[in-house]
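Let's take a look at some side-chain and helix contacts in this one. Here is the structure to follow along with.

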Amino acid sequence: MASEYKIKKAAVIGAGVMGRGIAALLAGVGIPVYLLDIVPPNLTDEERKDTKARNRFALGAIDGLLKSVKSRMPLLYSEKDVHLMTPGNMEDNLEWLGDADWIIEVVVENPKIKQQVFETVEKYRKPGSIVTSNTSGIPITTMIEGRGEEFRQHFMVTHFFNPPRYMKLLEMVAGEDTDPDMVAFMKDFGENILGKGVVFGKDTPNFVGNRIGVFGMMATIWAMQEEGLEIDEVDYITGRPMSRPRTAVFGTSDLVGLDTVVHVVDNLYDMVWGDEQREMFRVPEFVQKMVEKGLLGNKSGAGFYKRTKDEKGKRVKLVIDPKTLEYRPVKEYSYYSVDAARSQRDPGERIKTLVSGDDKASEFAWRVIRDTLIYSANRLFEIADDIVNIDNAMKWGFNWDLGPFETWDAIGVRESVERMEADGVEIPPMVYDLLEKGYGKFYITVEGKKYYFDFADMEYKPIPVNPKTIFIKALKDDGKIIEENNSASLIDLGDGIGLVEFHTKMNSTDDQIIEMLNRAVGMLEEDKLEGLVVGSQSRNFSAGANIYMILTAAQQKQFDMLDRVVKAFQDVNMRMKYAPKPVVVAPYDLTLGGGAEIAMHCSKAQAHIETYMGLVEVGVGLIPGGGGNKEVYLRSYGEIPIPTDPLKVPQHALQAAAHALDLIGMAKVSVGAKQAKDWGLLRPTDNITMNRDRLIYDAKQTVLAMLQEGFTPRHPLREIPVAGREGITTLTLGVHTMRDGGYISDYDESIARKLIFVLSGGDVLPGTKVSEQHLLDLEREAFLSLCGEEKTQARLDHMLRTNKPLRN
């Protein structure tokens, strides 16, 4: 049944960091949005008459969004999104609220100010419009005190995490009078339109994510002080070895800002009077002093860490000493338990290995995890109705690989309880209830379906899942694997559609992935499958080719073997491109090098909005070898208006080669699927999915739609105009100028010359028409010649050891 609610236009009140981020998110999914803020105080008489001056805060926010596009983490999906944002103020433009279907308040965390805002909103909003607050913990009853019944029925909390574009968590808290149908609509809208993971919390201080996450942070800091560890030592233990973000506790605090952290902690201390761990929310004296000194983290240039240059001009990372507030160089630490944990790929095994050791790091990790698990269990029913919402909040809001209860399962519930008892800590009664019923886990999997233990009814219940979600692991557990090798699986998605899933480290492409792709396309050709999806559900789609394999072969001068592998990779990509039935790729996150080449050769892409795509081979002294140069050139050629005058074709080809050279030669990586479309790495007709959980489902639906519409296979191109010698001469001159200017090294220039030769179609006359195979042969020859260079091998070796490109 269709909902009576709709959101075709929105209004965001408050143009600060969160407000502008939410506005950018809405514009990014195609929703026009009004961005309103107060009229700046202390305007001159002349400025009071000037609309731009009166809208200064909102205009400044939009300008900040545009500037962020050039940063490493742009808040906009595309610069074009700002055209859907209208700046205004809360005096001149209040009537705009009557046009909005959703009004979001994002002003300062002050109850009186929020009450004033909602009093104004009630006067101007249209009946039935949705009103929400982005508060991080002010009670709903306080915010809407004095508001009418109809307003209260359409009010709730929608708490985004910062930055809204990147953070998956969206906490929703309904009031006593909130319409349940509206809550259901907002959940669907949040998941399917905004791409968020929705967690339902209760109207308690800091809701779910911050309540648990801030406790974990403070428990770590207090434990550090009591046990005499160093700040960088703690981060060494509590990052990836604990299946948490690499920034760990103190690095994350620097990202968020110490002033923000202190505000949240102080708020909790003031409001959680009945919390058995309330004293944990006292801000340590050294942190207070850091804030007083303006050491706020990344925003101020120094916090727990700071980066500077030594006397030789080399960049060094420093860490603060909490006793003296002086900075010292970061140390290198080594604990057996941490090293052993790092070697584990499975997040649960990683944590279990870490806390099972017998060194100082293991004991510290155990204490922090133990206290966090107990605290989380004690908060059940207070902050959320079930363990699933708590676990999801920590995974989506704090980027933990496992939530608290999933972590408990990983280390063993019964075993860990025995250890906690030996430590003399109090175990939550609910955990004993679980064990006394003979159950040893919070979660179980039965016939591929995952269940959680519902402590309200004391029984296992299926985890609610979006019906538009396909879980690859569940399919594999259910026996849907058609074929499998060490690097990839071919899985039955149903309805005649197959899925090729990669499962190498970083999903790097290798000969066995090529083999599985060939087998899958063969089944299309043999009518054993009707369509194919290429996708996975690991951290990245594919970070590129197997560098170790390339380096080893090059060092051993096994160039015939390398030639066969590269030719096989080119061939399977061409097989996918010209398959008789649709092949839809589902890229996401890192889609680099060989991963991007696979994506560009499929019939269509169903890309996640956060797809970071690029051909980055020059960073390791190579050029793309699997057809990437060819595909970028072809797409660049087609995007430029093709001239009707044959004499202008060479110039058109030169423009296309120059665009391809810029993308490949500069190793550009898109900061999202929209930018990949703008650059031509994705086609204008490719689709974008907002919620990554839906990606495989959406890709399958795209295959089915292509079949329904009547899929027409393509045929290899044999008359591709190229720039030839004119392109080589012109583009080489530009590269040589960059070398003379000191922008690139001699070897960079050498790589660029080979790339230019390929993109120009070789030593042929301008305007010569060549085949795709001709371009592939040039590409493979250049790739292999670079593999034989010592400097390329040095770059490959450096990348393997450091995960960073080497310039030489």
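## Phe-189 and its partner

Phe-189 is tucked away in this predicted model: its relative accessible area is 5%, under the 20% cut-off, so it counts as buried. Its ring pairs with that of Trp-102 in an edge-to-face arrangement. The centres are 5.8 Å apart, and the planes stand at 90° to each other. Trp-102 is buried too, with a relative accessible area of 0%.

What does the pair tie together? Trp-102 belongs to strand β4 (residues 102–105), while Phe-189 is part of helix α8 (residues 180–193), so the contact joins parts that sit 87 residues apart in sequence. It is one of 25 aromatic pairs in the structure.

Now for another of the aromatic pairs, Phe-442 with Phe-455. This one is tilted, with 50° between the planes and 6.1 Å from centre to centre. Both partners sit in loops: Phe-442 in the one between α20 (429–436) and β12 (443–446), and Phe-455 in the one between β13 (449–454) and β14 (459–462). They are 13 residues apart.

Buried or exposed? Phe-442 has 0% relative accessibility and counts as buried, and Phe-455, at 8%, counts as buried as well. The two rings also belong to one aromatic cluster, together with Phe-405, Trp-408, Tyr-439, Phe-453 and Tyr-460.

## Charges over rings

Which residue has its charged end over the ring of Trp-273? That would be Arg-278, whose charged end lies 3.9 Å from the ring centre.

There is a lysine example as well: the charged end of Lys-450 sits over the ring of Tyr-443, at 4.9 Å from the centre.

## Where α9 meets α17

Two packed helices are described by the angle between their axes and the distance between the axes. For helix α9 (residues 209–227) and helix α17 (residues 387–397), the axes come within 9 Å and cross at roughly 65°. The crossing is right-handed.

Which residues make the contact? On the α9 side they are Gly-209, Ile-212 and Gly-213, and on the α17 side Ile-390, Ala-393 and Met-394.

Conventions:
Residues numbered from 1 in each chain as written. Predicted model: local features only at pLDDT ≥ 70, side-chain atom pairs only at ≥ 80, totals over all residues. Heavy atoms only, no water. Axes fitted to C-alpha atoms, helices over the stretch in contact; angles between N-to-C directions. Helix = DSSP H or I, 4+ residues; strand = E, 2+ residues; numbered from the N terminus. Left-handed = near helix turned anticlockwise from the far one by under 90°. Contact = heavy atoms within 4.5 Å. Phe/Tyr/Trp six-rings, centres within 6.5 Å; stacked < 30°, edge-to-face > 60°. Buried < 20%, exposed > 50% of the residue type's maximum accessible area, 1.4 Å probe, protein only. Lys NZ or Arg CZ within 6 Å of the ring centre and 35° of its normal.
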